[in-house]
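Hi,

Here is the structure I promised to pass on. Have a look at it first, then read my notes below.

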Amino acid sequence: MRVKKRYGYIHWFFLLFFVFNILAGLEEISWGQRLFDLKTEGVFAEYSDQNEINFHNTLQGLLMVKTKHIAMYALFIYGVIFPWLIRLGRVNGTWFNNRQMIIPPGFLSVGFLIASLFMIDIPTGQEEEIGELFYSICFLLMMMHNLNLSRRTNFFNLSFQESSEKRTPSFNE
């Protein structure tokens, strides 16, 4: 909302990120299954590998693809590959900025890498939860970094972005 107040537009990335986190939270608590003492029935009982009412476990049973692997690859590309390509100059960061796509700052790449390695779930099979924690911490730090940018810079000013071609924001601004 700070971007809306200061620059007069709603940044779609933050709105979608907010909605995604609400849905992901509801999905993680199986849409209140334990809270409301709901029984697992129908397609959820047949295909959910944890016998819970949620889509990600049910899709795993239906499609035979682990959603943790899809998340791991997507977040590895998003949190490690994109920032490194921007830092190396292989991808122009303003292309993402002009489309209001927030890419994690480079200093979070190590955190996203560690989280991705934990998502492989070796050797005990319980490391996935630690990976999810690391991803959550990375996203929290990314949002705090963007809050800092919105307070201290003109980074989210669309006309300012168009005039600055190869600008990389940092905490020093």
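Which side chain does Asp-121 meet in a salt bridge? Lys-68, with N to O at 2.6 Å. (A salt bridge here is a side-chain nitrogen of Lys or Arg within 4 Å of a carboxyl oxygen of Asp or Glu.)

Before going on, keep in mind that this is a predicted model, where local features need pLDDT of at least 70, side-chain atom pairs count only at pLDDT 80 or more, and totals for chains, interfaces and linings use all residues. Residues are numbered from 1 along each chain as its sequence is written, and side-chain values use heavy atoms, with hydrogens and water left out.

Back to that pair: Asp-121 sits in the loop between α7 and α8, and Lys-68 in helix α5, 53 residues apart. (Helices are DSSP runs of H or I, at least four residues, numbered from the N terminus.) Both residues are buried, meaning under 20% relative accessible area with a 1.4 Å probe, protein chains only. Lys-68 also forms a salt bridge with Glu-128, at 3.9 Å between the closest N and O atoms.

Now look at Glu-127, in helix α8. Glu-127 does touch Asp-121, among others (contact means heavy atoms within 4.5 Å), leaving aside neighbours within four places in sequence.

Cheers

How values were computed
Helix = DSSP H or I, 4+ residues; strand = E, 2+ residues; numbered from the N terminus. Buried < 20%, exposed > 50% of the residue type's maximum accessible area, 1.4 Å probe, protein only.
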